[in-house]
Amino acid sequence: MLAESRRNHPLSKIPGTAVFFRRFGDNTDCLDYIKRRRWGDGLEEFVCPDCSHKHGWWLRKRGLVECRGCHRQTSPTAGTLFHRSHVPLWKWFWTMHLLAGCREGVSAVDLAEQADTTYQTAWTLLQKLREAMRQRNELPEHKGLTKTAETEAKRAILGKCHAVSPKHMDKYLAAYMFRGHYKGKKARFFDRLVTVAVEAKPLTFKELTTGAK
Ligand SMILES: [Zn+2]
């Protein structure tokens, strides 16, 4: 029991590849992790979307929370960035793992190779996560970059990702600033990314490609 609860606590350090796949290689494990980030270890923050009852059971095998009041079953991914994604959760987690672990960011070409996806899927995963970071750009150091810092950031971004359309640049800048904020704290960055994705609204491909608001 203790081992089980310890296993699911926030990461104390970013796992290496083998440990990552032992822990997040399975959809159920990813769902469990999202559930904990969203509603707490013991579902303390769970509220049924149907009847507002505050108690639920975790049906681990099904990856759903069942409301004790009306018995409606809710997925931890409902209404989050992961909502109805056709991409397996481990690929989302692997993307967040790479984003948190790489010093210079991740390009869609790199991700497509690492996660065995098409370029478009990799691009979409990264853009969705960048957009979620842009929406949660509440950290004080994200508020305003000096002109010099912004020029430097853009140079680094273009060096890594080559062609970035100006309408998407603010997403790349948000990711760049998150990375700067969590420098040397990869595990915290990873946890923060999961939280940011949980708190973000689901995004359609169309919303992503039409650019920032
Ligand atoms: Zn209910």
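**Strand pairing and a helix crossing in a predicted model**

Good morning. Four bridges join strand β1 (residues 56–59) to β2, and the two run antiparallel; strands here are DSSP E runs of at least two residues, helices are H or I runs of at least four, and both are numbered from the N terminus. Two strands count as paired if DSSP finds at least two bridges between them.

This is a predicted model, in which local features need pLDDT of at least 70, side-chain atom pairs count only at pLDDT 80 or more, and totals for chains, interfaces and linings use all residues. Residues are numbered from 1 along each chain as its sequence is written.

To continue with the strands: L64 in β2 is the bridge partner of L59. The β1–β2 hairpin has four residues between its strands, and G63 in the turn has a positive phi of about 70°. On its other pairing, β2 is joined to strand β3 (residues 73–74) by two bridges, again antiparallel, with Q73 in β3 as the partner of E66. Five residues separate the strands of that hairpin, where H71 takes a positive phi near 70°.

I turn to the helices. The axes of α6 (residues 119–135) and α9 (residues 169–181) come within 8 Å and cross at roughly 75°; axes are lines fitted to C-alpha atoms over the stretch in contact, with angles from 0 to 180 degrees between N-to-C directions. The two helices are therefore roughly perpendicular to each other, a class that covers 65 to 115 degrees.

Finally, confidence: the protein chain averages a pLDDT of 86, and 91% of the residues score at least 70, where pLDDT is the predictor's confidence in each residue, from 0 to 100.

How values were computed:
Parallel < 35°, antiparallel > 145°, perpendicular 65-115°, else oblique.
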